[in-house]
Amino acid sequence: METDGWHTAHAPAIFFCPEDAGGQEEQQEDPVTQDTTVFPLLTSVLMDPKYFKNPEKFDPDRFLNKTGGLQKIDAFIPFSTGKRICLGEGMAKMEIFLFLTFILQNFNLKSDEDPSSIDLSPLPNSNGIIPRPYNIQLVPR
């Protein structure tokens, strides 16, 4: 989940589908009049410190509660929400689960360097979407 939100939030400009405002609405104290086309930015939610502590930092633990179980964060919406939700969300989640389960069941993951020394920050001047390269070996069990 962290990679979904972190990658999406660091893309140059990720938009939801454009919407026409149905009537007078308030968005962050700015009036939005009827028939105004609005392009909501997913980045504004995924990088909001109000919802995510240290949003610039890669931290998968943000999705775990105090007992180590998975907790749902309502602001985490990498597949959009409402009537524009991605129809492939269930399939995408199933595919990533099957892919990772297969790898973890059949291989041991081995790094050439100490895993705690791996720099998880993105490459400079990459808009935060290009990870640093590092080697990992999949050793058959």
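Lysine 93 is partly exposed, with a relative accessible area of 47%. In this predicted model, the side chain of lysine 93 forms a salt bridge with that of glutamate 89, at 2.9 Å from N to O. Both residues belong to helix α3 and sit 4 residues apart, which is about one turn of the helix. Glutamate 89 has a relative accessible area of 19%, and because buried means under 20%, this residue counts as buried.

Let's look at the other charged pairs. Side chains of opposite charge can pair when their charged atoms come close. The count here comes to 3 salt bridges, and the table lists them.

| Lysine 93 | Glutamate 89 | 2.9 Å |

Arginine 132 is partly exposed at 28% relative accessibility, and aspartate 119 is partly exposed at 40%. In the remaining pair, lysine 72 and aspartate 74 are both exposed.

Now for the nonpolar side of the picture. In soluble globular proteins, nonpolar side chains tend to be buried together. The largest nonpolar core in this model has 8 residues: Leu42, Leu46, Phe52, Phe63, Ile73, Ala75, Phe76 and Ile77. Which residues does alanine 75 touch, once its neighbours within four places in sequence are set aside? Alanine 75 is in contact with Val45, Leu46, Tyr51 and Phe52.

The aromatic rings come next, with a count of 2 aromatic pairs. Phenylalanine 63 and phenylalanine 76 form an edge-to-face pair, with 4.9 Å from centre to centre and 70 degrees between the planes. Both phenylalanines are in the loop between α2 (43-46) and α3 (89-106), 13 residues apart, and their pair links distant parts of the chain. Phenylalanine 63 and phenylalanine 76 are both buried. Phenylalanine 102 and phenylalanine 107 have ring centres 6.4 Å apart and planes at 70 degrees, so this pair is edge-to-face too. Phenylalanine 107 is partly exposed, at 22% relative accessibility.

One more residue is worth a visit. Arginine 62 is in the loop between α2 and α3. Is arginine 62 buried or exposed? Arginine 62 is buried, because its relative accessible area is 12%. A polar atom of the arginine 62 side chain lies 2.9 Å from the backbone oxygen of lysine 53.

Methods
Residues numbered from 1 in each chain as written. Predicted model: local features only at pLDDT ≥ 70, side-chain atom pairs only at ≥ 80, totals over all residues. Heavy atoms only, no water. Core = buried A, V, L, I, M, F, W, Y, C linked by side-chain atoms within 4.5 Å. Buried < 20%, exposed > 50% of the residue type's maximum accessible area, 1.4 Å probe, protein only. Contact = heavy atoms within 4.5 Å. Phe/Tyr/Trp six-rings, centres within 6.5 Å; stacked < 30°, edge-to-face > 60°. Helix = DSSP H or I, 4+ residues; strand = E, 2+ residues; numbered from the N terminus. Polar contact = N/O pair within 3.5 Å; in protein donor to acceptor, adjacent residues only side chain to side chain. Salt bridge = Lys/Arg side-chain N within 4 Å of Asp/Glu carboxyl O.
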